[in-house]
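Please have the viewer open, and we will go through it topic by topic.

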Amino acid sequence: MPITILAPRPAPQRPLSGPAVSGLNSDSDSEMDSDSGGVQIRSAKRRRASADEDEGDEILTPGTIITSNPQWMRGHGTYVLPNTTSITSSLAGTLTKTNKLLSVRPLRARYTPEIGDLVVGRIVEVQAKRWRVDVAASQLAVLQISAINLPGGILRKRTETDELQIRSFFAEGDLVVAEIQQLHQDGAASLHTRSLKYGKLRNGVFVSVSGTGGGSGVVRSKRQVWTLETANAGGNVGVLLGVNGYIWISKHIESDVAAEAAGINRMEESVSSKVYSSQNDDIEPATMREIARMKSVILALVEHGLKVDEDTVTRGYHEAVELGRETPDDDLYLGGEKGKRLAATLTGR
Amino acid sequence: MATTHTLLSPAELNYLHTSLSLRPPIRSDGRLPTQFRPLTAETGILQGTNGSACVTFSDGAEAIVGVKAEIERTPDSQSGDEEEKKARGDWVEISVEIPSQRDDDAATVFLGEMLREALLGDGEFAKKLRINRRFHWRLHIDILLLSPPLSYPLPLLSLTTHLALLATRLPKLKSEGDEDPMFDDDWESSVFVYPREGASEGTRPPITLLVVTVGDNVIFDPSKEELAVAETALAVSVAEVRREKPRGGMEVDSKGRELKLLSIRTIDPPSRLTPPGVPNGTATTGTEGKPAPNLSSETPVAGVWKAPLGGTKFAVVDGIIQAVLEKGGVADEVLDGLDGVELA
């Protein structure tokens, strides 16, 4: 069946509770009523319970007045109108209460760079001494020519020749894996690729899951890069989860032993001219199939609002291999019904 | 006409191209070559229109189409058949709106014209709009893409238009002959422009499919990455033709549908404008001052991207038409799927 046409899903049923404003006010009212005795504990407990229920319930839009009660404090995603005590939402999202702190968690958000983050970026602009890189943040990041490893054997200064042939290192469209080195006043980030782990990406496919928000998508975790031994004789496949939600899935290439041995001090020497080529190695069809499977697993995870990290991707991949055995002639695609089953298996353990 | 350009690195282009050229091809999201992404369809969403539909692809692309009809006086045609035919083409007005693109943008105009050409391709559609010698219906088809154009939106817009036209109803005519038209007030008794059941002879609304080829493989419903490496991209419009069933038996297979090819348009695949990849060992070393080898050398290196050259081979176009039109082929299955959509 090449095409599936679904009927529209009805809007998700939300319990019909009052607006956030009334909820907060009634809570505070009950607290004021029960000023003395052990009743207060009970009411506090009840408030916490009701706050838990409220969570993810009501979607606030920018400009919604959350409460005008002065006992609450404003947190992220809110502001107080001048000359009033009204806490107003500045984002579209759900309300989170932490004790007396009100904050709004956005439904979708752009990536906010932080120093040390591993990101995957795409070069969008080449300038005289630097590249502008799309890292899914609100502004383009900057990669200076001084922040990359120049090829050429010896540790050397960058020269004007390098600046003239800046496109031979990275050109528009190239994908790089880099680390955030520095943040500027306006929130723009500077990147660097001064490590053998970083540089141009080859031998694989790109997936973007940025801007999902609400607990899905890539989250910061201990390991953002790992290698997975795949089923069906696919060999090793490397997965690189950029913190910014850009993902690179590629055939794992054994790193150069000589380069490893050279150590950090003589790293530059081992940077061969291969680093900046865009030639793919020979990739077996079996490996390509497993890379495609990995990509559809990640897309299915995001479609069903699950987070993408080493654990979910690995488990999802093994589930997908099992699922694929059921229908051997169409075992890769995980859209629609199969994706739903995969998500159910992953969440329901 | 060029499609929206997707920025991809030469290494990605090469990987995608290699995996799609395998037999059978491996699509990067794991679909089969003829498999479409699941979509959600709904009709009758706009109260103020004669027919409307909304289609959402699973990648988030969403389109709404509304069809409105108004009565217009037919200018007296004295100057023969040729003039009349032209007037009929004008009875349908299609406007396409794509966010972040001007409505007089060449790409948008081309999209609209492609949909219009398919609709009016057989010259039968305008006959349905004729009321009598003095009056006719004028259809305004407003096509609105709600999401930013993620990939080439032609199939999405075409499927939505198809559903909206299927759902279009016109008030029932009460008057007779050439007198001023009078209509039944009751919307319940209105008639479908394309009656679903019964003796409805003629062409059904068309669908336009986007088909790309990579190597010898024919791939349907390409994602934007697949379109970016395609060697050929074709927009193929087909429609079902229903014939009056011959009386007295001879009914072999009631499910068989007759498909008619209305038009084929080539779409300029964006792969032709991509820069070539850099092979190993040619990255310049700066200080040595060695001139970089000529990148546009004729011999292709395995694993290095090179933009495809040349036109489409006849055999490839033939293969596409076969895959679309054959019994139980893609168009057949897509129409089957669309038939299952409830008309509100």
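How many bridges join strand E1 (residues 5-6) of chain A to E1(B), and do the strands run parallel or antiparallel? Two bridges join them, and the strands run parallel. Keep in mind that this is a predicted model.

**Where chain B meets chain A**

- In total, 49 residues of chain B are in contact with 53 residues of chain A.
- About 4200 Å² is buried between chain B and chain A, and carbon and sulfur atoms give 61% of that area.
- On the chain B side, B:Leu7, B:Tyr15 and B:Asn280 lose the most area to chain A, together accounting for 16% of what that side buries.
- In the strand pairing across the two chains, A:Leu6 stands opposite B:Thr40 in E1(B).

**Polar links and make-up of the interface**

- The rule finds one salt bridge across the interface of chain B and chain A.
- B:Glu12 forms a salt bridge with A:Arg122, with the closest N and O atoms 2.9 Å apart.
- Eight residue pairs are in polar contact between chain B and chain A, counting pairs with both residues at pLDDT 80 or more.
- Helix H1 (10-21), strand E1 (39-43) and helix H8 (330-339) of chain B each supply at least two residues of the side that touches chain A.
- H1(B) gives the largest share of that side, eight residues.
- By residue type, the side of chain B that touches chain A divides into 22 nonpolar, 19 polar and eight charged.

- Strand E9 (residues 118-126) of chain A is joined to E10(A) by four bridges, and the two run antiparallel.
- A hairpin of three residues links E9(A) to E10(A), and A:Val126 stands opposite A:Trp131 in E10(A).
- Strand E10 (residues 130-134) has a covered face, A:Trp131 and A:Val133, and an uncovered one, A:Arg130, A:Arg132 and A:Asp134.
- In a regular strand, side chains alternate between the two faces of the sheet.
- Four bridges also join E10(A) to strand E11 (residues 141-144) of chain A, again antiparallel, with A:Ala141 as the bridge partner of A:Val133.
- Six residues lie between E10(A) and E11(A) in their hairpin, where A:Ala136 in the turn has a positive phi of about 65 degrees.

**A loop residue, A:Ala92**

- A:Ala92 is found in the loop between strand E6 (87-89) and strand E7 (93-98) of chain A.
- A:Ala92 counts as partly exposed because its relative accessible area is 34%.
- Beyond its sequence neighbours up to four places away, A:Ala92 touches residues including A:Leu60, A:Pro62 and A:Arg105.

Notes
Residues numbered from 1 in each chain as written. Chains lettered and ligands numbered in written order. Predicted model: local features only at pLDDT ≥ 70, side-chain atom pairs only at ≥ 80, totals over all residues. Heavy atoms only, no water. Contact = heavy atoms within 4.5 Å. Buried area = accessible area lost by both parts, 1.4 Å probe. Salt bridge = Lys/Arg side-chain N within 4 Å of Asp/Glu carboxyl O. Polar contact = N/O pair within 3.5 Å; in protein donor to acceptor, adjacent residues only side chain to side chain. Nonpolar A, V, L, I, M, F, W, Y, C, P; charged D, E, K, R; others polar. Pairing = 2+ DSSP bridges. Buried < 20%, exposed > 50% of the residue type's maximum accessible area, 1.4 Å probe, protein only.
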